[in-house]
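Q: Could we go through this structure together? I would like to begin with a loop and then turn to the packing of the secondary structure.

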Amino acid sequence: MLESIRRRRTRRIEIGSVPIGDGAPIAVQSMTNTDTRRVDATVGQIQALAQAGCEIVRVAVPDAEAAAALREIRSQIGLPLIADIHFDHRLAIASIDAGADGLRINPGNIGGRAALARVIHAARERRVPIRIGVNAGSLQKDILEAYGHPTPEAMVASALEYIRFFEAEGFTDIKISLKSSRVLDTIRAYERFSETADYPLHLGVTEAGTLISGTVKSAIGIGYLLAEGIGDTFRVSLSRDPVEEVKVAYEILRALDLRHRGPEIISCPTCGRCEIDLFRLVEEVETALGGMTAPVKIAIMGCVVNGPGEAREADVGIAGGRGQGILFRKGEVVCKVPEADLARVLLEEVQKITSR
């Protein structure tokens with residue numbers, strides 16, 4: 001058996017009630033895609049994200065009306081609220097005044113060093129952490145001239161330059177992200193930074209893409225770094241309902257045995273030996289267990305080759321064939337079940353073992 005992942009130690013900060021770094025659980029983050037000025041819609045989406053397991057939520061703040069809306073949004077949600085700011089430092093200060101628990105800024109587009117200093121001073125006074133977001137697509141001109149391209153080394157140099165400025169202003173309550181749409185560049189940037197500084201890291205592959213491509217790129221990029229012990233928070237970026245981002249995030253954590261939330265369904269891809277309607281069965285069970293948070297392992301197998309073995313290793317499992325299936329609980333055979341009743345019997349068994 002592989003040893004458990006040894007996480008790299010970073011400084012501790014707190015975003016609202018969520019501890020970040022210094023061995024705290026890796027936090028799952030997402031971002032709303034509603035118009036922040038529409039308070040009801042934004043609150044509704046945040047509540048859906050919270051139900052899915054999101055622990056920190058970020059919202060876009062494109063103008064003063066959106067910044068003002070944060071006060072009402074903050075009063076209706078339980079998650080720590082991050083204000084995402086670009087181009088106007090006054091929006092960052094207004095977001096702090098409205099009760100934001102944290103800021104995400106790209107210091108290079110906030111309006112110059114004097115404006116950045118004003119944001120830092122306001123955050124320091126209110127004890128609001130700031131994420132310094134370095135993106136390959138928006139590096140400083142002098143950094144690009146020095147490195148020629150937005151290389152991982154250029155991204156790290158950019159982050160370190162900003163950190164020195166923040167530290168000179170007496171502010172160290174910061175988290176860093178170094179994102180690229182190129183997975184290998186993202187990995188290398190985080191690796192190099194983690195060898196240089198001990199600030200907590202927010203992981204992500206920026207502009208990752210659609211459900212399939214974005215999931216693959218995020219699983220490889222974020223998963224690789226987490227397996228190295230790098231990362232304190234992360235977001236899976238998908239061109240999709242953000243609830244799907246949270247679901248993928250927990251599957252990445254589960255695959256690395258870092259955190260477990262909700263049921264893990266193991267099912268075979270099917271082949272010519274499958275003699276039950278496995279796709280329908282899996283979809284029915286997965287939909288029925290959509291809101292479950294208990295970390296139960298469920299095997300749904302469609303033939304007698306690997307089915308019985310996988311089913312025995314799960315908390316609850318079925319191995320199907322020829323219009324029926326065998327129900328297993330904790331490795332023991334419980335009974336034979338007709339195919340028409342497999343979903344119902346399996347769900348009842350899951351309910352029994354999770355309610356004890």
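Predicted model: local features only at pLDDT ≥ 70, side-chain atom pairs only at ≥ 80, totals over all residues.

Q: Where is the place of D257?
A: D257 lies in the loop between α9 and β11.

Q: And what is the phi of D257?
A: Phi of D257 is positive, about 60°, although D257 is not a glycine.

Q: What about phi of F87?
A: F87, a residue other than glycine, has a positive phi near 75°. F87 belongs to the loop between β5 (81-85) and α3 (89-97).

Q: Is F87 buried or exposed?
A: F87 has a relative accessible area of 65%. The cut-off for exposed is over 50%, so F87 counts as exposed.

Q: Now Q140: which loop is that in?
A: Q140 sits between β7 (130-135) and α5 (141-147).

Q: Why does Q140 count as buried?
A: Because its relative accessibility is 12%, and buried means under 20%.

Q: Which residues is Q140 in contact with, leaving aside neighbours within four places in sequence?
A: Q140 then has contacts with S158, E161 and Y162.

Q: Changing topic to helices. At what angle do α1 and α9 pack?
A: Helix α1 (residues 39-52) packs with helix α9 (residues 242-255) at about 15°, and the axes are 9 Å apart. Angles under 35 degrees count as roughly parallel, and the two helices are therefore roughly parallel to each other. The crossing of α1 and α9 is right-handed.

Q: Which residues make the contact?
A: On α1 they are Q45, A48, L49 and A52, and on α9 they are P242, V243, V246 and Y250. By class, 7 residues in the contact of α1 with α9 are nonpolar and 1 is polar, with no charged residues.

Q: Next, the sheet. What is the order of its 5 strands?
A: The order is β11-β12-β13-β14-β15, in an open sheet with mixed pairing. At the edges are β11 (264-267) and β15 (332-338), each of which pairs on one side only. From one strand to the next, the twist averages 15°.

Q: Which helix packs on the sheet?
A: Helix α10 (residues 278-288) does, touching β11, β12 and β13. The direction of α10 makes about 160° with that of β12.

Q: How many bridges join β12 to β13?
A: Strand β12 (residues 297-301) and strand β13 (residues 316-321) run parallel and are joined by 4 bridges.

Q: What stands opposite A299 in β13?
A: The residue opposite A299 is G317.

Terms used
Residues numbered from 1 in each chain as written. Heavy atoms only, no water. Buried < 20%, exposed > 50% of the residue type's maximum accessible area, 1.4 Å probe, protein only. Contact = heavy atoms within 4.5 Å. Pairing = 2+ DSSP bridges. Axes fitted to C-alpha atoms, helices over the stretch in contact; angles between N-to-C directions. Parallel < 35°, antiparallel > 145°, perpendicular 65-115°, else oblique. Left-handed = near helix turned anticlockwise from the far one by under 90°. Nonpolar A, V, L, I, M, F, W, Y, C, P; charged D, E, K, R; others polar.
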